[in-house]
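Reader: Please show me how to read a structure like this one. I would like to start with the ligand.

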Amino acid sequence: MNKENEIRSVLDHYLPQVEQEDSILKGNLLGKDENRFIIENPNAFIIGLIADQSVKAEIAWSLPYRLKMRLNSFDFDYIVNSLTMEDLEGVIKEKPALHRYPHKMAIYIYKAMEKILREYNGNASEIWNEQSADVIVKRFEEFDGISHKKASLGTLLLIRDLHQEINNKQYIDIAYDVHIRRIFLRMGLVKKDTQDNVIEVAKKINPDFPGELTTSFWAIGRHFCHPTNPECDGCPLHDCCREYSYVLEKRT
Ligand code: SF4
């Protein structure tokens, strides 16, 4: 078995274990109300996706519900017609702040609300309803604050957690996340840490749906492959990992 197939086989077994507990929207990372709000409200979903940077996933994805509670509304039309961007920043900034970067988030969120009102009839589900993965990723990337990484993650979450039927999954790339980058380097899967290199290798491991690898690698990064003192002995990928072979050599 070549290395890519070996990794794929390990992760095929590992994924069902982590898909529930480590899933942002299926697991216990969010409170019940915060979770339900994202699942039932497409506009909340996209604001959660925008907020998902530079903070823990649970903080980002709880922002839409907490913002709604502060504003007593999540009606985009009402919000952009009654608040300025600066007002929104003030609301996000109120202690405890809803995000580490209230200024940037207020700009991204306000612009996203305007864009959804202007281009999607005020309903973010029009971004993805009856669309294929390549179109959805491209549409997500048109939002300020949604990088290719977040566009890929968002499309994966639509399939995995919101159970949307989406074709052309081969166009959903692995998310170029800090955990994933660390693992790819340590395993020797890439020589240089660039988004293109990581994406290319992920396509070789799981060509039909490279983005599906995000969940397993992210969970391994969170539970085993810590920035310091990785817990290699318990890591599901250790038999395919270059770093672990060095660890074993040192022990002998
Ligand atoms: S074996 Fe160790 S270094 Fe390799 S991926 Fe797992 S935790 Fe990281």
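Reader: How do the residues of the shell around the ligand divide into nonpolar, polar and charged?

Author: They divide into eight nonpolar, one polar and two charged. Ala, Val, Leu, Ile, Met, Phe, Trp, Tyr, Cys and Pro count as nonpolar; Asp, Glu, Lys and Arg count as charged; the others, Gly among them, count as polar. This is a predicted model, where local features need pLDDT of at least 70 and side-chain atom pairs count only at pLDDT 80 or more, while totals for chains, interfaces and linings use all residues. Residues are numbered from 1 along each chain as its sequence is written, and side-chain values use heavy atoms, with hydrogens and water left out.

Reader: Which residues surround the ligand?

Author: A residue is near a molecule if one of its heavy atoms lies within 4 Å of it. Here the shell includes Cys225, Cys232, Cys235 and Cys241. His238 and Arg186 are also among its residues. Helix 11 (178-187) and helix 14 (242-251) each supply at least two shell residues. Helices are DSSP runs of H or I, at least four residues, numbered from the N terminus.

Reader: Where does the ligand sit?

Author: Rolling a probe the size of a water molecule over the atoms shows where empty space is left. On a 1 Å grid over the protein atoms alone, a cavity is a set of points where a 1.4 Å probe fits but cannot get out; a pocket is an open set with protein on both sides within 12 Å along at least five of seven lines; lining residues have an atom within 4 Å of a point. A molecule sits in one if more than half of its atoms lie within 2 Å of its grid points. This ligand sits in the largest cavity.

Reader: What lines the largest pocket?

Author: It has 27 lining residues, with Asp52, Ala57, Asp177, His179 and Trp218 nearest its centre. Helix 13 gives the largest share, five residues. The lining divides into ten nonpolar, seven polar and ten charged.

Reader: How is a pair of aromatic rings described?

Author: By the distance of the centres and the angle of the planes. Rings of Phe, Tyr and Trp (its six-membered ring) pair if their centres lie within 6.5 Å; planes under 30 degrees apart are stacked, over 60 edge-to-face, the rest tilted. The count here is seven aromatic pairs. Phe45 and Trp61 form a tilted one, 5.4 Å centre to centre, with 55° between the planes. Phe45 lies in helix 3 and Trp61 in helix 4, so the pair ties together parts 16 residues apart in sequence.
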